[in-house]
Amino acid sequence: MRHLRKFFLGASCVLAVAARATPVAFVLPAQPAPAALTAFAKQGGVEVLFSSTALKNARSATVEGTYEPDAALALLLAGTGFSAARTPAGKFVVTRAGPGPAATGEIRGAVIARGDARPIAGALVQAVGSTHATKTARDGAFALRELPVETQTLLITADGFQAERVTEIPVHAGRRTDLNPIRLFSATDEVQQLDGVLVRADELAGLLRLQDVVVTPSRFGIGEARLAPSVALTHAELEALPQIGEDLYRAVVRAPGLASDDHTAAFWVRGAPNEQVLARLDGVDLIEPFHLKDE
């Protein structure tokens, strides 16, 4: 905590200096974004953090003239799909510009049984073609939030019931779309029992057409798995885990789904590189927070 107090006191001084940033003469022709950011940092005398891999296909705009670093960087990144923000330490961090709150909407509804209208708890509701999914509550209600503003299709599955699709659901920016109750057939409903058919050899010359056959899967519990399992380590567990130099990253790498090597404290999460891992401390994003001590 002593180090954190020093950090926040120092951050207020950095922000005060940033507010009085001196304009700088920039000469930055249009070029690949990584090279432009490197030249910007050198000419502006500032530090810029960015991912060369994420920016490999981006091309910067031309910036020539006298600007404050914040304004020059905004002009440089215009049209690239990336934006920059200044950290309390005075560094610029370039990230992909995401959609604003008004660019998403919400779908709400409930899932019930078609026969007796009882609510179905634990039904999986998925937005087809995306990673948005949720499970229904005890009363069968569900809510899918932060959906893209476009027509959505929902797939609803539940153990013991036939899957159901709901199509052509409009999603409006910053608004909620309420659906009528979604009714699911039981897995045993509307199953046809075929009559016996006697086929004689002399009748095989013609085409024999059978009645429609409805095939339903056996019951299984894969839908009961949590969508986003979490792992938590207590302070006592972190103290007991083997680690080098009290490095927190060396300790948490033993959690399921994580992998690392002996050369760096960075780790992979289910195969994803460390650049895609978000680390936060009391709501503050940390950039490459390696070799941190738990004090």
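I began with Arg86, which is partly exposed at a relative accessible area of 25% (buried means under 20%, exposed over 50%, partly exposed in between, with a 1.4 Å probe and protein chains only). This is a predicted model, where local features need pLDDT of at least 70, side-chain atom pairs count only at pLDDT 80 or more, and totals for chains, interfaces and linings use all residues. Residues are numbered from 1 along each chain as its sequence is written, and side-chain values use heavy atoms, with hydrogens and water left out.

I found Arg86 in a salt bridge with Asp70, the closest N and O atoms being 3.0 Å apart (a side-chain nitrogen of Lys or Arg within 4 Å of a carboxyl oxygen of Asp or Glu). Arg86 sits in strand E4 and Asp70 in helix H3, so the pair ties together parts that are 16 residues apart in sequence. Helices (H or I, at least four residues) and strands (E, at least two) are DSSP runs, numbered from the N terminus. Asp70 is partly exposed too, at 33%.

**Other salt bridges**

I count seven salt bridges by this rule. Next I looked at Lys91 and Glu47, whose closest N and O atoms are 3.8 Å apart. Lys91 is in the loop between strand E4 (82–86) and E5, and Glu47 in the loop between H2 and strand E2 (48–49), so this pair ties together parts that are 44 residues apart in sequence.

Then came Arg145 with Glu106, again a salt bridge, with closest N and O atoms 3.8 Å apart. Arg145 belongs to strand E9 (residues 141–148) and Glu106 to strand E6 (residues 104–113), so parts 39 residues apart in sequence are tied together. I noted that Glu106 counts as buried at 15% relative accessibility, while Arg145 is partly exposed at 48%. Shared partners join Glu106, Arg108 and Arg145 into one network.

**Cores**

Which residues have the most contacts inside the largest nonpolar core? They are Leu37, Phe40 and Leu76, in a core of 19 residues (buried Ala, Val, Leu, Ile, Met, Phe, Trp, Tyr and Cys joined through side-chain atoms within 4.5 Å). Strand E1 (24–28), helix H2 (33–44), helix H3 (69–77) and strand E5 (92–96) each give two or more residues. H2 gives the most, with five.

I also found a second, separate core of 18 residues, including Phe161 and Ile169.

**Whole chain**

I logged five helices and 17 strands for the protein chain. Buried residues make up 25% of its 295 residues.
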